[in-house]
Amino acid sequence: MESMMGLINLEHERDYLNELTYFRCGAAVPFAGRYRLIDFTLSNMVRTNVQDVAIFTRNKYRSLMDHLGTGSAWELDKRHGGLFILPPDWNDPTDISKGDLSHFHNNRDYFNRGKSNYVIVSGSQFLSNASYNEAFEYHLERKADITLVSTKVEEVKTEHDPCMRIEIDEGGWVTALTNEHINPHLFTGVYIINKSLLLDLVDHCIAHHKEHFFNDGIKEQLHRLNVQTFEHTGYSAFINSVESFYRHNMNLLNPTNYKDLFYRNAFIKTKISNEPPTKYLDRAEVKDSLLANGCEINGDVENSVLFRGVKVKEGAKIVNSVIMQRCTIEEGVHLENVILDKDVTVTSGQLFVGAKEQPYVVAKRKVM
Amino acid sequence: MGKQECVGMLLAGGEGKRLGLLTKDLAKPAVHFGGKYRIIDFTLSNCTNSGIHTVGVLTQYSPLLLNKHIGIGKPWALDRQQDGVSVLSPYTAKQGGGCWFSGTANAIYQNIHFIEQYDPEYVLVISGDHIYQMNYQKLLKYHKDQQADATISVIEVPWEEASRFGILNTTDDLRIYEFDEKPAYPKNNLASMGIYIFNWKKLKQYLLEDAKSPSSSHDFGKDIIPAMVADNRRLFAYQFEGYWKDVGTVQSYWEANMDLLEMDEPVSLNNKEWRTYSHDSNYPPQYINGNTHVTNSFINSGCWICGTVDRSILFEKVEVDTKSLIRQSILHPRVKVGANSVVERAIIKEDTVIPPNSYISSPKGEEPFVIDNENIELVSSR
């Protein structure tokens, strides 16, 4: 039976979540109460029976490595294969590769040693709860060189600006990849490629001094490759700005979206923690909110997402906000349209109100 | 196997008859507790936090879920190369038929070879059915300081309850001169917590002798300790101050869960200096809907709450539908409560589905109901 190996390529991922990506890469940004963005991609790959996953990472990967550990949370701690975190490594004096191609060049062994004939490549900013099995079957059935996973959005928003748009012919073959903003047929950044082709394209790109594997190896070569699309349906999100991060956290407070992202397939896996259940005290008043374990609530929480271990003291009120791990909200504080990164303490009696379209973001470990 | 100073032997084979439906097909230490844990997690976490890394867990009754829960001991960091946790189940010896553990002392006797592998100075004997947080190193240090042959951890219980326990009568320096198992007229209110430290060589001697005695019930409380007292061995009481509860009955099980919810936290689950470890599943964060009130409760991940919850403990993936009321109750994993229902002073077993418009409320002054899918119709009315 044919199988795929996985590659999560973070080389061209953008770190433009302002305060949230000052000290971490986009893939490690916390999301939805207990996850990091990369959890969605990893869980989807593992669910598709991908046994080897490599991660190309360049900058700010400390928190990413801390989160991933041995990969055991995703059952990627294997005797053979499993998880490979591959930061940059330049030891070859004859190496002329640039951009993400240097990752491919330096880690060619990963592809050669893997037993699979196909590779599924992904970034980390597209979130969904999917299995790639259907896409893979379709790829094999159509005998494509490459299959791009796409999605159609009902409304094109600014968060979709960086996404490539797909144009196809009647047979579903890709004829063009554009930046035409009015086209709602988006490329998710996830694609399946035949391994031998991948290695050939890498060689070709390096020989021609290219810097970007997808743009130079695939997009520029569309005319001579057979590229198919496979459309993903169901709830999905692109997280590439503070606004999109905030909106998609808030979107999950809608039960339909919550169930679609978490209950559609098996649950999303993330790093195991040891938090006790969340404790609601006498003065707790919680409405329309998501709460992770380990919280202690004695105030009002409305329309908000609380990560693990958040403490909300008596008389505090939190509305339309995202509060990350281990934040403490003291007595009488009022927070509205706010994103607090991890370990923030808001001392008693303070008022912070952000704009609904542009929430107020507070960096990690601040005392306000 | 390397030498270990102290080996922990955890008695976890209890059938827990007095827990009724809660221990149907399940050993008592594996019963769910505190919203996320199983009863044995408290003792196993005590071992880890106390630096007792060699633990034998003696299982017997319905061990499937208990064995699966313990696994290789990973949640408690007891997955170690040389020592760690070992599950010790009864087995058939070369001669004779099955060798069930006939008493607490017999269980240790049958595993002498396990203990000897580590050539320990001391053996710590503990139970898997108590809720408490205790540093066994302090107990061990006390034992060494007293140059004792055996040390028994004790706790002061209310005088009126003393006759339910094994009572230790001591001299002023806490040396034990008498042991009364459930005395009608207790002379003392220092109750044995079922936590012992023995000098291994001494204990082994007593175990070997006890095994030969046909009249013995092969029990620590009934046989071994009285025999040591009779021989005038150096037995000391170690006074424990803190929360300790034997969750042997439905009432005490329910009370101990409710105790966890108290503001002053007798046993804190959120104490970062003394963590309580267990398995963690990958359920999404709990969802709390709009027209709800949740107060004085523990709620685990994966829960979906549309009703009112007060003074209750909800395990993972519990669903409470609209206009339902949960009060002073314990809902085990994956319980579903239909709309317009009331659940009051009840313990609902895992996977139970409570239909809409149900009314479950235990009469005041009686033990809380334990409900599963089979008996639900008997207790629900409206």
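**Close-ups of the A–B interface**

**View 1. The contact between the two chains.** About 3,400 Å² is buried between chain A and chain B, with carbon and sulfur atoms giving 47% of that area; buried area is the accessible area (1.4 Å probe) that two parts lose on being put together, summed over both. On the side of chain A, the residues that lose the most area to chain B are A:Asn274, A:Lys279 and A:Tyr280, together 20% of what that side buries. Look for 41 residues of chain A in contact with 41 residues of chain B (heavy atoms within 4.5 Å). This is a predicted model: local features need pLDDT of at least 70, side-chain atom pairs count only at pLDDT 80 or more, and totals for chains, interfaces and linings use all residues. Residues are numbered from 1 along each chain as its sequence is written, chains are lettered from A in the order in which they are written, and side-chain values use heavy atoms, leaving out hydrogens and water.

**View 2. A salt bridge across the interface.** Here A:Arg34 meets B:Asp280, their closest N and O atoms 3.3 Å apart. Two salt bridges are found across the interface of chain A and chain B (a side-chain nitrogen of Lys or Arg within 4 Å of a carboxyl oxygen of Asp or Glu).

**View 3. Strands pairing between chains.** E14(A) and strand E18 (residues 297–299) of chain B pair in the antiparallel sense over three bridges; strands are DSSP runs (E, at least two residues), numbered from the N terminus, and two of them pair if DSSP finds at least two bridges between them. A:Thr278 has B:Ile299 in E18(B) as its bridge partner.

**View 4. Inside chain B.** Strands E19 (residues 304–305) and E22 (residues 319–320) of chain B pair in the parallel sense over two bridges, with B:Ile305 opposite B:Val320.

Conventions. Helices (H or I, at least four residues) and strands (E, at least two) are DSSP runs, numbered from the N terminus.
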